[in-house]
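Me: I would like to go through this model term by term. Please set each value against its cut-off.

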Amino acid sequence: ENVINNIWQLKALIAPIELVSQDAVPALPAMFSLKHPSLERSVAVTTHAWKQFCRRWFLVNHKSRSPYKKYDEAYFRENFRWSFQRARLDKLSPANEARRVIKHGFKPVTYLRDRSTNLRFVISGDNQVIVTVEQAIIR
């Protein structure tokens, strides 16, 4: 009985959170690349990283159920560029970094985190592609 009550309480907590559907994410702009002061060259953005950024940016900055589809590609492109430019090198804990390196086949990556939004940009080891954007968990 306690488990069932806990499940209903959890559902009540989650109900206000509107997850952004994949259909609502604008298409990745053609030839979208960014330059960052701490990187040697411009980096491209994968479709996955674009979708992750759009979803996470929306959830961080629009904590209500406002209509997602009213935001166009230009809105997200400019905010992606703004957040990426504000990001600084982020060092993970040694244990977390080791776990990630093993999990991803020993491919080195660079982490840049925008502290204002707590979004972390994961850039491939050769500094050419942003492979994903994640919500950093700070403990």
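Reply: Helices (H or I, at least four residues) and strands (E, at least two) are DSSP runs, numbered from the N terminus. On that basis the elements of the chain run α-β-β-α-α-β-α-β-β-β from the N terminus on. That is 4 helices and 6 strands. The model is predicted: local features need pLDDT of at least 70, side-chain atom pairs count only at pLDDT 80 or more, and totals for chains, interfaces and linings use all residues. Residues are numbered from 1 along each chain as its sequence is written, and side-chain values use heavy atoms, with hydrogens and water left out.

Me: Why is the pair of F32 and W50 called edge-to-face?

Reply: Rings of Phe, Tyr and Trp (its six-membered ring) pair if their centres lie within 6.5 Å; planes under 30 degrees apart count as stacked, over 60 as edge-to-face and the rest as tilted. F32 and W50 are 5.7 Å apart, centre to centre, with 80° between the planes.

Me: What makes the pair of F32 and W50 a tie between parts of the chain?

Reply: F32 lies in the loop between helix 1 (2-14) and strand 1 (33-34), and W50 in helix 2 (residues 47-61), so the pair ties together parts that are 18 residues apart in sequence.

Me: Why is the pair of F32 and F80 edge-to-face?

Reply: The ring centres of F32 and F80 are 5.6 Å apart and the planes stand at 85°, so this pair is edge-to-face. F80 sits in helix 3 (residues 73-86) and F32 in the loop between helix 1 and strand 1, so parts 48 residues apart in sequence are tied together. F80 is buried, as is F32. Ring pairs link F32 and F80 into a cluster with W50, F53, W57, W82, F84 and F121.

Me: How do you know that R120 lies over the face of Y111?

Reply: The test asks for NZ of Lys or CZ of Arg within 6 Å of the ring centre and within 35 degrees of the ring normal. R120 is at 5.9 Å from the ring centre of Y111 and counts as lying over its face.

Me: What makes up the largest nonpolar core?

Reply: A nonpolar core is a set of buried Ala, Val, Leu, Ile, Met, Phe, Trp, Tyr and Cys residues joined through side-chain atoms within 4.5 Å. The largest has 23 residues, and F80, F84, F121 and I130 have the most contacts inside it. Helix 2 gives the largest share, 6 residues.

Technical notes: Buried means under 20% relative accessible area, exposed over 50%, partly exposed in between (1.4 Å probe, protein chains only).
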